[in-house]
Amino acid sequence: MVARFITFEGIDGAGKSTHIAALTAYLSDKGATVVGTREPGGTELAEALRELVLHRRMDGLTEALLVFAGRRDHLQRVIEPALAAGQTVLCDRFTDATFAYQGGGRGMDAGVLAALEQWVQQGRQPDLTLWFDLPPAQAAQRRAAAREADRFEQQDLAFFERVRAGYAQRAADAPARFARIDASRSVAEVAAQIQAVMVARQW
Ligand code: TMP
């Protein structure tokens with residue numbers, strides 16, 4: 001079986017969850033063994049760090065160090081072993097989120113983040129990143145209807161504009177890896193866009 005590492009990205013409220021479940025079903029039907037995971041989190045240690053990052057006050061560098069510490073544990077214990085076993089890993093957020101949130105949102109230097117990325121990942125990158133892109137105002141409306149806000153979700157529209165720009169920069173830097181999904185559309189239309197990406201790659 002072909003090992004694949006697929007990540008899902010986008011600002012809060014972009015509607016990733018529904019489509020992660022749908023893609024898990026699609027790839028499982030095709031015979032893949034799918035491992036679903038998330039960041040921050042994915043291991044006991046990284047989930048403990050997630051609680052700190054989402055609920056304690058800290059600056060952007062501290063956030064970045066904690067998410068990369070969790071990522072290291074997650075890669076070693078979950079992602080790399082799954083890929084080595086020929087499994088498909090679907091990860092709800094990964095390093096592009098760090099460039100978007102800590103880099104774009106909090107204004108952290110991208111060079112520092114790139115150094116941490118190299119240290120922690122040793123060249124490992126997703127094979128495909130589905131970027132759910134939509135205007136921050138629309139995402140905020142969806143969030144308001146859906147759930148209680150964490151530390152990031154409480155940020156203003158200007159913050160999410162910077163996060164969105166951070167994602168756009170990462171997509172421009174790695175166009176072969178990124179597929180932009182217009183997440184402003186209906187659930188059915190978004191599902192069709194993801195389907196088209198899979199068909200184009202013959203996955
Ligand atoms: P989630 O609610 O989609 O699981 O994401 C948790 C929050 O963590 C989300 O607001 C984005 C943020 N985040 C970062 O700030 N940096 C990161 O590296 C990651 C993976 C997530």
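Trainee: How much space lies in the largest pocket?

Mentor: This is a predicted model, in which local features need pLDDT of at least 70 and side-chain atom pairs count only at pLDDT 80 or more, while totals for chains, interfaces and linings use all residues. Residues are numbered from 1 along each chain as its sequence is written, and side-chain values use heavy atoms, with hydrogens and water left out. A pocket is, on a 1 Å grid over the protein atoms alone, an open set of points where a 1.4 Å probe fits, with protein on both sides within 12 Å along at least five of seven lines, and its lining residues have an atom within 4 Å of a point. Taking volume as the space filled by probe spheres set on the points, which are joined across faces, edges and corners, the largest pocket holds about 740 Å³.

Trainee: Of the residues that line the largest pocket, which are the closest to its centre?

Mentor: The lining has 37 residues in total, and by class it has 15 nonpolar, 8 polar and 14 charged residues. The closest to the centre of the pocket are D12, K16, R93, R147 and E153.

Trainee: How far is a nitrogen atom of the ligand from an N or O atom in the side chain of Q102?

Mentor: A polar contact here is a pair of N or O atoms within 3.5 Å. R71 places a polar side-chain atom 3.2 Å from an oxygen atom of the ligand, and for Q102 the distance to the ligand nitrogen is 2.8 Å.

Trainee: Where does R93 lie, given its positive phi?

Mentor: Most residues other than glycine have a negative phi. R93, although not a glycine, has a positive phi of about 80°. R93 lies in the loop between β3 (88-92) and α4.

Methods
A polar contact is a pair of N or O atoms within 3.5 Å; within protein, one must be able to donate a hydrogen and the other to accept it, and residues adjacent in sequence count only if both atoms are side-chain atoms. Ala, Val, Leu, Ile, Met, Phe, Trp, Tyr, Cys and Pro count as nonpolar, Asp, Glu, Lys and Arg as charged, and the others, Gly among them, as polar. Helices (H or I, at least four residues) and strands (E, at least two) are DSSP runs, numbered from the N terminus.
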